[in-house]
Amino acid sequence: MVTAKFNQQTNILESKFEGNVILSEIVNYIITTKENKSYPRKLKILTDSVDGNFNFTIDDLKIIVEENYKSLEKYELIIDAIIIDDPKNTVLSMLYLELAKTNKYKFEIFATKSAAIDWLNNY
């Protein structure tokens, strides 16, 4: 399951990936983010996937990247920090990091929430 809530105090979109996270949930999350006109155009995202299991394939990453590029058309910049503690999720995220490289999108992988927040706050 993918949930997201914008934190007005920190100005960060806080997402949570829990249980088995499938491709359609991630695509829907990206589309919802793309269509939200109230988010800052320089959007910071904190994604907690500690309780999540990415249930999609390496080939599915291409679909996620394509949707992300469409979303970037609506934003000046997206800075995305993901918290991971699972080897499979880490590998998929590292591959995604390589596929999703663009000047309008910064993506980093973290083991702790505090490290992820520090990185986001430096943008």
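**Legends to close-up views**

**View 1. Lys-70 and Glu-67 in helix 2.** Lys-70 has a relative accessible area of 39%, which means that the residue is partly exposed (buried is under 20% relative accessible area, exposed is over 50%, and partly exposed lies in between, with a 1.4 Å probe and protein chains only). The structure shown is a predicted model, in which local features need pLDDT of at least 70 and side-chain atom pairs count only at pLDDT 80 or more, while totals for chains, interfaces and linings use all residues. Residues are numbered from 1 along each chain as its sequence is written, and side-chain values use heavy atoms, with hydrogens and water left out. Lys-70 forms a salt bridge with Glu-67, and their closest N and O atoms are 3.2 Å apart (a salt bridge is a side-chain nitrogen of Lys or Arg within 4 Å of a carboxyl oxygen of Asp or Glu). Both residues lie in helix 2, three residues apart, or about one turn of the helix. Glu-67, with a relative accessible area of 12%, is buried. Helices (H or I, at least four residues) and strands (E, at least two) are DSSP runs numbered from the N terminus.

**View 2. Confidence along the protein.** The mean pLDDT of the protein is 94, and 100% of its residues reach 70 or more; pLDDT is the predictor's confidence in each residue, from 0 to 100. Helix 3 (residues 87-99) has the lowest confidence, with a mean of 86. The highest is found in strand 2 (residues 12-17), at 98.

**View 3. The hairpin of strand 1 and strand 2.** Strand 1 (residues 2-7) pairs with strand 2 in the antiparallel sense over six bridges (two strands pair if DSSP finds at least two bridges between them). Thr-3 has Lys-16 of strand 2 as its bridge partner. Four residues stand between the two strands of this hairpin, where Asn-11 takes a positive phi near 65°.

**View 4. Strand 4 and its parallel partners.** Strand 4 (residues 42-48) has five of its seven residues buried, so the rest of the structure largely encloses this strand. Strand 2 pairs with strand 4 in the parallel sense over five bridges, and Lys-16 stands opposite Asp-48. Strand 4 also pairs in the parallel sense with strand 6 (residues 77-83), over seven bridges. Leu-77 in strand 6 is the bridge partner of Lys-42. Ile-82 also belongs to strand 6, and Ile-82 is buried at a relative accessible area of 4%. The C-alpha atoms of Ile-82 and Asn-28 are separated by 18 Å, and the two residues are 54 apart along the chain.

**View 5. A network of salt bridges that links Lys-16, Asp-48 and Asp-51.** The whole structure holds four salt bridges. In one of them, the side chains of Lys-16 and Asp-48 meet at 3.2 Å, N to O. This pair links distant parts of the chain, with Lys-16 in strand 2 and Asp-48 in strand 4, 32 residues apart. The side chain of Lys-16 also meets that of Asp-51 in a salt bridge of 3.7 Å, N to O. Asp-51 lies in the loop between strand 4 and strand 5 (52-54) and Lys-16 in strand 2, so this pair ties together parts that are 35 residues apart in sequence. Lys-16 counts as partly exposed at 24% relative accessibility. Asp-51 is also partly exposed, at 49%.

**View 6. The largest cavity and its lining.** The structure holds one cavity of 30 Å³ or more. On a 1 Å grid over the protein atoms alone, a cavity is a set of points where a 1.4 Å probe fits but cannot get out, and lining residues have an atom within 4 Å of a point. The largest cavity has a volume of about 280 Å³; grid points are joined across faces, edges and corners, and a volume is the space filled by probe spheres set on the points. The lining comprises 21 residues, of which Phe-17, Ile-26, Asp-80, Tyr-96 and Tyr-105 are the closest to the centre of the cavity. Helix 1 (23-35), strand 4, helix 2 (58-72), strand 6, helix 3 and strand 7 (105-110) each give two or more residues to this lining. By residue type, the lining divides into 15 nonpolar, five polar and one charged (Ala, Val, Leu, Ile, Met, Phe, Trp, Tyr, Cys and Pro count as nonpolar, Asp, Glu, Lys and Arg as charged, and the others, Gly among them, as polar).

Key
On a 1 Å grid over the protein atoms alone, a cavity is a set of points where a 1.4 Å probe fits but cannot get out, and a pocket is an open set with protein on both sides within 12 Å along at least five of seven lines; lining residues have an atom within 4 Å of a point.
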